[in-house]
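Try each one before reading its solution.

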Amino acid sequence: MKDIKYRFLDLGEVNRPYAAQLREAACRVIDSGRYIGGEEVAALESEIAALTGAPFVVGVSNGLDALRLILRAYVEMGTFAPGDEVIVPANTYIASVLAVSDAGLRPVLADVDPVTMNITTDTEALEALVTERTRAIMPVHLYGRVAWDDRLADFASRHGLKVVEDCAQALGARSPYQGLHGSPMAGALGDAAGVSFYPTKNVGALGDAGAVITFDSRLAATVRALANYGSDRRYHNIYRGFNCRLDPIQAAMLRVKLGSLSRENADRFARATAYNNTIDREGIIVPMMSGAVVDNVWHQYVIRVTGGRRDAFRAALLENGVETDIHYAVPPYEQPCYAGEFDPAHYPVASTLAGEIVSLPIATGTSVADAAAIGRIINSLEF
Ligand SMILES: *Cc1c(COP(=O)(O)O)cnc(C)c1O
C-alpha cells in the first residue's frame, strides 16, 4: 500500500487554526475556579439560541444524552407514556434509536428517501407506520442535510406528534421550509432538538459535549433538572435523574469555534461542489446539490458505488492514497442489541444504501483542490 496522501479526517488539523484561542479559553476556565456550570456554559447556550432562533438551550454532556433527556423529559411531563412509539429513520447513527429505547419508548423505523438518504417524507409511507401509540417523529439531518418539508410538518401536526430533531450533524443548516415555530434553522424546526459536539462534528469540542434546543420552557426546565440529578433546586430531587451536564471547559472550547461555523460550513460546501463537478462515472452516484438555500452543511460527503463494487472501490482508492469511511457500515436494525426487533425487509432503501455508501474526505485538511484531485482519481480508478 502506498502512503496515504488524502487522510479521511485529522482532528489535529481541524483544531490547529484555533489552537492559540483554545489555549487562551482553557486558561480562562482554569483561572476562573468555576468547573461546573457558570458563565461559559450560559454564554454558549445563548449563542446557540441566537444561531438557531429557538429561545431555550440547555448544554449537556453529549448528543446521545441530549436526545435521551428530551424523550425522558416528555415521559416525566406525562406527554409520553412508557411503550409509546417514536418514528425514527432506518438510516441513522444508532444513537438516535438508543435514545428512544433508553427512555422506555419504542423506536419504529421508517425507510429513507434514496435521493436525500433522509427519512422519507412520503405521506403514504409515513401514514402506514402510525398506530394509536405513535407520539413523536425524530427527523435526523443525516450527513448535514436537513430532513424537513411541508409534508413532514403536516404529517406531524395531523397526528399531534412531537417533532424531536436529531441535529447532531447539521448545526447551521437552513431549511427552505419554515419550522413548526417559524424558524427555518436545523435544530429549531420542530419542538426540540439534540445537538452533538463530538470532536468530528462540524462544531467539535475537545471531548464530549452536546445541547438540547427547544421552544418549550417547561421541557427545557425538565431537561435541566434531569441532567442535574433530577434536582430542581439544591437538595430537592423531583426526578430520578442523571448527571449529564456540559463541562465549562468544553463550553469555552466551543465558543471559540462556534463563530466560525458558517465559514467552516461554506468551506465544506465548496469541497462538496468540487467533488460533484468532478466525479463523472457510470455506477457512481453523487449526492444531490441544491442551489441557493444552504440546506446541507456537508458533515459527510457520501457517494454511492453501485453494482456490489463498494469494497473493491474503497480498496482501490486506498491504494491510490485516498482514505475513506462508511457512515454507517451496519444499520441500527442489524445491530445485535436490537436482535429480533426489526425486519430488514421493511427498509429496502436503507438496506441498499448500507451496501453502497462511501464517505469521502471533506473536513478541514482536505482542500477544494484535493477534492477535485480525488474526484479525478475516482474517474480513472480501476476496481
Ligand atoms: C454523533 C451523533 C449522535 C450522538 O452524539 P454523541 O455526542 O456522539 O453522543 C447522535 N446522532 C447522530 C446522527 C450522530 O451523528
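**Exercise 1.** Is Leu 11 buried, partly exposed or exposed?

*Solution.* First, a word on the model: it is predicted, so local features need pLDDT of at least 70, side-chain atom pairs count only at pLDDT 80 or more, and totals for chains, interfaces and linings use all residues. Residues are numbered from 1 along each chain as its sequence is written, and side-chain values use heavy atoms, with hydrogens and water left out.

Step 1: recall the cut-offs, with buried under 20% relative accessible area, exposed over 50% and partly exposed in between (1.4 Å probe, protein chains only). Step 2: Leu 11 has a relative accessible area of 32%, so Leu 11 is partly exposed.

**Exercise 2.** Which residues is Leu 11 in contact with, leaving aside its neighbours within four places in sequence?

*Solution.* Contact means heavy atoms within 4.5 Å. On that basis, the partners of Leu 11 beyond those neighbours are Pro 199 and Thr 200.

**Exercise 3.** What separates the C-alpha atoms of Leu 11 and Ala 363?

*Solution.* Along the chain the two residues are 352 residues apart.

**Exercise 4.** How do the residues of the lining of the largest pocket divide by class?

*Solution.* Step 1: sort by class, where Ala, Val, Leu, Ile, Met, Phe, Trp, Tyr, Cys and Pro count as nonpolar, Asp, Glu, Lys and Arg as charged, and the others, Gly among them, as polar. Step 2: the count comes to 16 nonpolar, 11 polar and five charged residues.
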